[in-house]
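Subject: Structure handover

Hello,

Here is the structure I said I would pass on. Please look through it first; my notes on what was found follow below.

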Amino acid sequence: MEPTMADPGEKCLAKLLSTLTTTLHPSTYVFATLGPDSPLPPLAEIQLLFRETEGVTLVVSLDFAQAQKMQYFFPCKMITLNVTSSLEAVGFMAIIATRLAACNMGVNPVSGFYHDHLFVPTGREAEAVEVLAALAEEKKSEQLNDA
């Protein structure tokens, strides 16, 4: 079956990593869950929605969760990777997650259609951005040395 849309993303791992830049979003987000029959919050309040057997996982702002008296977990910051990676790119998120894991940092990566996003623990977001910038510089240097 042919895809109905063209793939807008890059598949070349070296290019993805060497051109990587990030955007750190100012909001603090949290993970929450709703039962399968619970009403959903307004779409404008949902950063991520994923249906699982046990319930619906939501990522919403901390402010919204507190205002709605929702139970939540993992206050985090969202970092958007400003490269358009293909959903078929092999190893991109694995390299990023491994680099952050080397710093003893948990990360919850999410792939959107156009960009990948990382949810990292609050208080560690600046460190995560620095690690990703260093990774991009390292890959740029490798490409220059290979040229």
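In these notes, contact means that heavy atoms lie within 4.5 Å. Please also keep in mind that this is a predicted model.

Val 56 sits in strand E3. The relative accessibility of Val 56 is 9%, so this residue counts as buried. Between Val 56 and Leu 34 there are 5.1 Å in space, C-alpha to C-alpha, although the two are 22 residues apart in sequence.

Strand E3 covers residues 55-61, and it pairs with strand E2, residues 46-52, in the antiparallel sense over six bridges. E2 and E3 form a hairpin, with two residues between them. Within this pairing, Leu 49 stands opposite Leu 58 in E3.

Aromatic residues

How many aromatic pairs does the structure hold? There are four aromatic pairs. In one of them, Phe 31 and Phe 74 have ring centres 5.9 Å apart and planes at 65°, so the pair is edge-to-face. Phe 31 belongs to strand E1 (residues 22-34) and Phe 74 to strand E4 (residues 73-81), so this pair ties together parts that are 43 residues apart in sequence. Phe 31 counts as buried at 19% relative accessibility, and Phe 74 is buried with a relative accessible area of 18%.

Another of the pairs joins Phe 113 and Tyr 114, with ring centres 4.9 Å apart and planes at 85°, so this pair is edge-to-face. Phe 113 is partly exposed, with a relative accessible area of 33%. Tyr 114 counts as partly exposed at 48% relative accessibility.

One aromatic cluster is formed by Tyr 29, Phe 31, Phe 74 and Phe 119. Phe 119 comes up again in the next part.

Lys 77

Lys 77 lies in strand E4, the strand that also holds Phe 74. Which side chain of opposite charge is nearest to Lys 77, and how far away is it? The nearest is Glu 125, at 4.9 Å. A salt bridge needs a side-chain nitrogen of Lys or Arg within 4 Å of a carboxyl oxygen of Asp or Glu. Lys 77 is buried yet has no salt bridge.

A polar atom of the Lys 77 side chain does lie 2.7 Å from the backbone oxygen of Pro 26. Not counting residues up to four places away in sequence, Lys 77 touches Leu 24, His 25, Pro 26, Ser 27, Thr 28, Leu 118, Phe 119, Val 120, Thr 122 and Glu 125. Phe 119 in that list is also a member of the aromatic cluster.

Salt bridges

A search of the whole structure finds six salt bridges. Three of them are described here.

Arg 99 forms a salt bridge with Glu 138, and their closest N and O atoms are 3.0 Å apart. Arg 99 is in helix H3 (residues 92-101) and Glu 138 is in helix H4 (residues 125-146), so the pair ties together parts that are 39 residues apart in sequence. Arg 99 is partly exposed, with a relative accessible area of 26%, and Glu 138 is partly exposed as well, with 31%.

Glu 137 and Lys 140 meet through their side chains in a salt bridge of 3.2 Å, N to O. These two are three residues apart in helix H4, and about one helical turn separates them. Glu 137 counts as partly exposed at 45% relative accessibility, and Lys 140 is partly exposed with a relative accessible area of 34%.

The side chains of Lys 139 and Glu 142 also meet in a salt bridge, at 3.5 Å, N to O. Both lie in helix H4, three residues apart, which is about one turn of the helix. Is Lys 139 buried or exposed? Lys 139 counts as buried, at 18% relative accessibility. Glu 142, at 37% relative accessibility, counts as partly exposed.

Regards

Methods:
Residues numbered from 1 in each chain as written. Predicted model: local features only at pLDDT ≥ 70, side-chain atom pairs only at ≥ 80, totals over all residues. Heavy atoms only, no water. Phe/Tyr/Trp six-rings, centres within 6.5 Å; stacked < 30°, edge-to-face > 60°. Helix = DSSP H or I, 4+ residues; strand = E, 2+ residues; numbered from the N terminus. Buried < 20%, exposed > 50% of the residue type's maximum accessible area, 1.4 Å probe, protein only. Lys, Arg positive; Asp, Glu negative; His and termini not counted. Polar contact = N/O pair within 3.5 Å; in protein donor to acceptor, adjacent residues only side chain to side chain. Pairing = 2+ DSSP bridges.
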